[in-house]
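Below is a colleague's note for a reader who has the structure open. The points go from the domains to the sheet, then to the cores and the aromatic rings.

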Amino acid sequence: MPQLAYVNGRIQPLADASLHVEDRGTQFADAVYEVCAVLAGRILDWQPHLDRLRRNLAELSIDWPMADGPFGLQARRLIAANGHEDCLLYIQISRGTARRDHAFPGAAAANVVMTVRRFDFRQRVAQLASGVAVITQPDTRWRRVDIKTTGLLGNVLAKQAARAAGAFEAWLLHGETVREGSSTNAWIIKDGRIITHPTGTEILPGIARNSLINLAQAAQLVVEERPFTLAEAKAADEAFLTSTTAPILPVIRIDGQAIASGRPGPITTRLGEQVWAEVARQTGWRA
Ligand code: PDD
């Protein structure tokens, strides 16, 4: 079956799908995006993704008139047309196509693109038992990383450094503070307390992050939203990361140093069970 993409209302073969070369997303990264997990054909946490997308568009004053209902239908139509049960839905909305000029164009219609890519979530469940390694990198990104724009060069370079070091992720440092990963949120656990950087302008408010906080609190666990240092992370009892593409993964090494025993810890393992139970509750998906 050929891969299909959505471009401004039309579903067409991915190989033929394109935007104008003067799309402002290409020229200025003047575009926002979302990545959603689709399991058993159902979109996980659709409403929170949509709410974040709307907030980001408003932050950048990108005008996008489509209502939630019709847009959800278009997304589901693309997923169904691609025929994958388990996949990632990518949504990108730019300010539109216009002659290159930094200031906003007078009248440009937003360009909306969606693609779907098959994704094996079972590997993430398997990784709960093995855990992953992270390295650290300086956070070189701009100062509004709470807005999910396609301007991801700082993230790209950090992820590539992780890849080159044989690690799963790079945790981004501002001085001694761990902010988040290049495409994931960062967490540590100390003395039974679950710690993650607060939202604001310095991290992306992850959808998986928010779900994790809700699940942890429902399980009577203490969550502290506060900055933590690299030294704290290395001395933590447990560490983990969260994102749409990795709803929860234990972190067992940071910059080559083992966290505690160097194996996934008991609280992370328990949270992992809760995260995947929530996925099953929402979508019916099972590993
Ligand atoms: N990344 N932090 C950053 C910098 C991210 O890019 C992401 C998501 C997250 C986690 O957010 P969420 O839980 O909403 O996925 C945190 C997506 C998956 C990406 O760029 O592919």
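1. Basis and domains. The model is predicted. The domain assignment of the protein gives two domains: domain 1 covers residues 4–119 and domain 2 covers residues 124–283. Taken over C-alpha atoms, their centres are 26 Å apart. Domain 1 puts 26 residues into the contact, and domain 2 puts in 20 residues.

2. Sheet order. An open sheet is built from six strands, and its order is β2-β1-β6-β5-β3-β4, with antiparallel pairing. At the edges are β2 (10–13) and β4 (42–43), each of which pairs on one side only.

3. Pairing within the sheet. β5 (residues 87–94) has eight bridges to β3, and the two run antiparallel. Val35 has Tyr90 of β5 as its bridge partner. Eight bridges also join β5 to β6, again antiparallel, and Ile93 stands opposite Val112 in β6. Between β1 (residues 4–7) and β6 there are two bridges, in the antiparallel sense; Tyr6 stands opposite Met114 of β6.

4. Cover of β5. How many of the eight residues of β5 are buried? Seven are, so the strand is mostly covered, given that buried means under 20% relative accessible area.

5. Largest nonpolar core. This core has 27 residues, and those touching the most other members are Leu39, Phe121, Ile194, Phe240, Ile248, Leu271 and Trp276. Two or more residues come from each of β3 (31–39), β10 (185–190), α6 (207–218) and α8. The largest share, five residues, is that of α8. Domain 1 and domain 2 each supply at least three residues to this core. A general remark applies here: in soluble globular proteins, nonpolar side chains tend to be buried together.

6. Leaving aside residues up to four places away in sequence, Leu39 touches Leu44, Glu85, Asp86, Phe121, Trp276, Val279, Thr283 and Trp285.

7. Aromatic pairs. The count of aromatic pairs comes to eight. Among them is Phe121 with Trp285, an edge-to-face pair at 6.4 Å centre to centre with 75° between the planes. The distance falls within the 6.5 Å cut-off for ring centres, and the angle is over 60 degrees, which is why the pair counts as edge-to-face.

8. What the pair joins. Which parts of the chain does the pair of Phe121 and Trp285 tie together? Phe121 belongs to the loop between β6 (111–118) and α4 (122–130), while Trp285 belongs to the segment after α8 (266–283), so the pair links parts that are 164 residues apart in sequence.

9. Burial and cluster. Phe121 has a relative accessible area of 1% and is therefore buried. Trp285, at 7%, is buried too. Phe121 and Trp285 belong to one aromatic cluster with Phe119 and Trp276.

10. Charges over rings. The charged end of Arg95 sits over the ring of Phe104, at 3.4 Å from the ring centre. Lys159 has its charged end over the ring of Phe168, 5.9 Å from the centre. The Lys159 distance can be set against the cut-off for such a contact, which is within 6 Å.

Notes
Residues numbered from 1 in each chain as written. Predicted model: local features only at pLDDT ≥ 70, side-chain atom pairs only at ≥ 80, totals over all residues. Heavy atoms only, no water. Phe/Tyr/Trp six-rings, centres within 6.5 Å; stacked < 30°, edge-to-face > 60°. Helix = DSSP H or I, 4+ residues; strand = E, 2+ residues; numbered from the N terminus. Buried < 20%, exposed > 50% of the residue type's maximum accessible area, 1.4 Å probe, protein only. Lys NZ or Arg CZ within 6 Å of the ring centre and 35° of its normal. Core = buried A, V, L, I, M, F, W, Y, C linked by side-chain atoms within 4.5 Å. Domains from an automatic or database assignment. Contact = heavy atoms within 4.5 Å. Pairing = 2+ DSSP bridges.
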